[in-house]
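Please look over the chain shown here and work through the questions that go with it.

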Amino acid sequence: MAGTALTLVGIGTPALAVERQVYVAMGDSFSAGSVVLPQSDLLTCARSSINYAGLLAKQLKVDELRDVTCGAATTTNFPNPQKGIISGTNPPQYDALSADTTLVTVGIGGNDVGLVGLATSCVNLLPVGTSCKAANTAGGVDKYANKIDAFAATYGTVIETIRRRAPQAKIVMVGYPTGIKPGGCWPVVPVLPQDADYIQANIDRLNARMAEQSAAHGAEYVDIRTPSIGHDACQPIGVKWIEGLIPSVVNNSFAPLHPNAAGLAAVVPSIRKVL
C-alpha cells in the first residue's frame with residue numbers, strides 16, 4: 001500500500017520498517033588505531049580501517065559508519081578542527097553527529113591530561129635514577145591526579161553535547177586499557193617499579209572519572225582495563241595488546257605505548273556487552 005510505513009512479514013503479519021543504523025566513532029589515537037595497518041587515513045589522523053569502530057560496524061552491520069577518530073585528538077577537537085599529523089585537517093568531530101545517529105562511541109581524555117607524555121617522561125634507561133612519581137608528587141601535591149580530577153567534568157559536557165546533537169543515539173564511553181603490570185618490567189619497559197605503578201594509577205584514575213561521569217549523565221561506560229589485564233606492554237609478542245617503547249611489527253603496530261591490532265579487536269566484545 002503506497003504511503004504506509006509497514007512491511008509484511010509472513011502472511012498478514014505487519015512489522016515496522018527497520019530503523020537505519022548510523023554509527024559515529026569519536027576519539028583519540030587509542031580509538032583511531034594509530035598506525036595499525038591497513039590505514040584508512042594515514043596522513044591526517046593515522047586512522048586504521050581495523051580499529052574497533054571498523055570491526056564493530058561490520059559485526060553490527062550498520063548502514064553507515066562515520067569514523068572521525070584521530071590520533072593526538074583532545075576534547076578541544078570535538079568542537080574545533082584538528083590539524084593533520086602530517087597533512088590535511090580533520091573536521092570537528094561533533095560535526096559527524098546528526099539527528100539520525102543511533103550509536104556513538106567515545107574514547108578520549110588521555111591527551112587532555114597528558115598520559116603518554118607522563119609515560120615517556122618516566123623512562124629510565126638505568127635501573128636507578130630520578131623517579132617521575134617523586135617529581136610529580138613533590139610537596140604532597142599529585143600533579144597528574146589534580147589534572148585528571150579537574151578534567152573529569154569535561155566528560156559530562158561531552159556526553160550532554162552529543163545528546164543534544166544526536167538525541168536518539170546510544171552513547172558509549174570507552175575506557176583505556178591496562179598499560180603496564182604491577183611493578184613494571186624494567187628493562188623491557190624501562191621505567192622504575194614505583195613509576196610503572198604511578199603511570200597505571202593515573203590511567204585507572206582517568207577511567208574512574210570517565211565511569212563516574214558516564215553514570216551521572218546517562219551514558220554507558222565500557223571497562224577495557226579489566227579484560228586487558230595480562231595483555232599489557234610487559235607481555236611477550238602475541239600476548240600483549242599494548243606496545244612498549246619499541247613497537248612490534250609482528251603485532252601490526254608501529255606506535256609506541258599504543259594498542260596493536262589484537263588490542264583494538266579485543267575492545268569489540270566489551271562494547272557489544274552494553275549494546
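The questions below move from the whole chain to single residues.

This is a predicted model, in which local features need pLDDT of at least 70 and side-chain atom pairs count only at pLDDT 80 or more, while totals for chains, interfaces and linings use all residues. Residues are numbered from 1 along each chain as its sequence is written, and side-chain values use heavy atoms, with hydrogens and water left out.

Q: How many helices and how many strands are in the chain?
A: Helices (H or I, at least four residues) and strands (E, at least two) are taken as DSSP runs, numbered from the N terminus. Counted in that way, the chain has eight helices and eleven strands.

Q: Why is the chain described as compact as a globular protein of its length?
A: The radius of gyration is taken over C-alpha atoms, and the globule rule is 2.2 Å times the number of residues to the power 0.38. For 275 residues the rule gives 19 Å, and the chain is as compact as a globular protein of that length because its own radius of gyration is close to this, at 20 Å.

Q: Which residues of helix H2 are buried, and against which elements do they pack?
A: Buried means under 20% relative accessible area, exposed over 50%, and partly exposed in between, with a 1.4 Å probe and protein chains only. In H2, residues 52-60, the buried ones are Tyr52, Ala53, Gly54, Leu56 and Ala57. These buried residues pack against strand S3 (22-27), H1, strand S6 (64-67), strand S9 (103-107), S10 and H8.

Q: Is Ala46 buried or exposed?
A: Ala46 lies in the loop between S4 and strand S5 (47-48), and has a positive phi of about 50° although it is not a glycine. Because its relative accessible area is 5%, Ala46 counts as buried.

Q: Is Val250 buried or exposed?
A: Val250 is found in the loop between strand S11 (220-222) and helix H8 (261-274), and its C-alpha atom is separated by 8.2 Å from that of Gly238, twelve residues apart along the chain. Since its relative accessibility is 68%, Val250 counts as exposed.

Conventions: Contact = heavy atoms within 4.5 Å.
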